[in-house]
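Subject: Handing over a model

Hi,

Here is the structure I promised to pass on to you.

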Amino acid sequence: MASSQQHENWTEDINCPVCLDVFTDPVSLECGHNFCRSCITGCWGQGQRNLCPECRQEFPDRKFKVNRLIVSLAEKARKLNLNPGEGGSKFHCEEHQEELKLFCDTDKKLICLICRDARKHREHRFLPIKEAVEIYKDELKSALESLSEKKSMFLETELKQIKVFSEVREQSSSLQTHIVSEFSKMRQILSEKEQRFLRDLRKEEERILDTMEKNLQKIQETLYSIEEELSKLQKQTEQGDGVKFLKEVARHKRRTGEDYCELLLAEDTLSVGRFKGPVQYTVWRELIGAIEPAPANVTLDPCTANPWLILSEDRTSVRDGDLWQPLPATSERFDTWPCVLGSEGFISGRYYWEVDVGTKTWWGLGVARESAERQGRMDATPEAGYWMMWLAPERGYVARSCPVDTLLTLSADPRKVGVFLDYEGGQVSFYNAGNMSHLHTFSHHFTEVIFPIFSPGLTDDGKNSAPLTICEVKGH
């Protein structure tokens, strides 16, 4: 037994740790570990680091030397046929030194016949090695197939993730361009208005200074004339002839009254109130008409209003009424849902409007395509032609969608809601108009006329009787 163990230990010493076979053309690295020349050169393939496969030590150069002792031992091993697994030799049980002939399926290990009869294997299940190999090869094949399927699935997922990654980067780049463009336009508008203010100030300054300069010139000319007259009068005071003196005095008094009585001080000043007033507010009022999209003055279309709804005379607010009104039943009118459309539809462009929702407990806002069904119980989803945000009792804020609605979590209840439509951009977005925080966005490719839509909700036993009111656009 001792001899057998010595043979096995000696055999292990002549096995290459890479190919696990007897060394062929063995070489030694600087760290002292030995390998077949072909094995180590294979490990150090093109572009690989010079690492020892056993101790992982890295070398600056690919140097090794022939190990003469290992060469001699390897040759002896081949002659004695001591290498396990090579030729006709067999593997043996470490405990009993018997040939391994069975596979214990319970312990998942190879055993000899003596091991099979031992107490620790008494209740175990045994298989012939060949049969066990076939069974585990089938299991491995199945595992490989399953792993291959998972690999294919993850490869597909990887491609999709890369595509989405690329799309997000492209979208971000596009949005950055859009933001820079929008702020550039605003800066241009502000710059133009600033230049207009400065130009008007310069014109007013030039006008006032020109008037003052002309008046100053007249004053200076008059002063010169007066000084000449004073000089003459001074000489006349020295006149000895009394009659001649009185005649000269009377003539000078008439001239002084005629020439100098109409001179006035020019006191015109710059319009401080115009140029040092609420300039920012003035420009903001003017900007409303210049910005894009300009806030739209949306009104309601009574021909589409549900008979239970009551519209204000100016058609800017709507509430749920107590009585059903006998109105003409047309395909344009909502006959079941408490809804009404805006009077103007959009086929292109960008638009923004705001609606005062106050403290209402039930309301709906958004847009609808012209062909959307208005009769019977509506399915107010994008698939049906409705892009709407709702506040509903016991549900909270909801963006209608299919197959399930999107529940929205808002940091604060909006008192005013802004609705933005970008027709060409395929976007419908909702905002808290109080701080312009984003609430939700729908994306869609629009192909027909789109109308604003409003629903004040049901009165809810008087809790929701307040109207929805379209906010007035205050500009110049």
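Below is what I found, from the whole chain down to single residues.

This is a predicted model, in which local features need pLDDT of at least 70 and side-chain atom pairs count only at pLDDT 80 or more, while totals for chains, interfaces and linings use all residues. Residues are numbered from 1 along each chain as its sequence is written, and side-chain values use heavy atoms, with hydrogens and water left out.

The protein chain holds eight helices and 19 strands (DSSP runs, H or I of at least four residues for helices and E of at least two for strands, numbered from the N terminus). Of its 476 residues, 31% are buried (under 20% relative accessible area, 1.4 Å probe, protein chains only). Among contacts (heavy atoms within 4.5 Å) with a separation of 6 or more, 57% join residues 24 or more positions apart.

Do look at helix H5, residues 129-236: its 108 residues reach 154 Å from first C-alpha to last, close to the 160 Å expected (1.5 Å times one less than the number of residues). Buried residues in H5 include Ala132, Glu182, Phe197 and Gln236.

There is also an open sheet of three strands, ordered E2-E1-E3 with antiparallel pairing (strands pair if DSSP finds at least two bridges between them). Its edge strands, E2 (34-36) and E3 (65-66), each pair on one side only. E1 (residues 26-28) is joined to E3 by two antiparallel bridges, and Ser28 stands opposite Lys65 in E3.

Best wishes

Terms used
Buried < 20%, exposed > 50% of the residue type's maximum accessible area, 1.4 Å probe, protein only.
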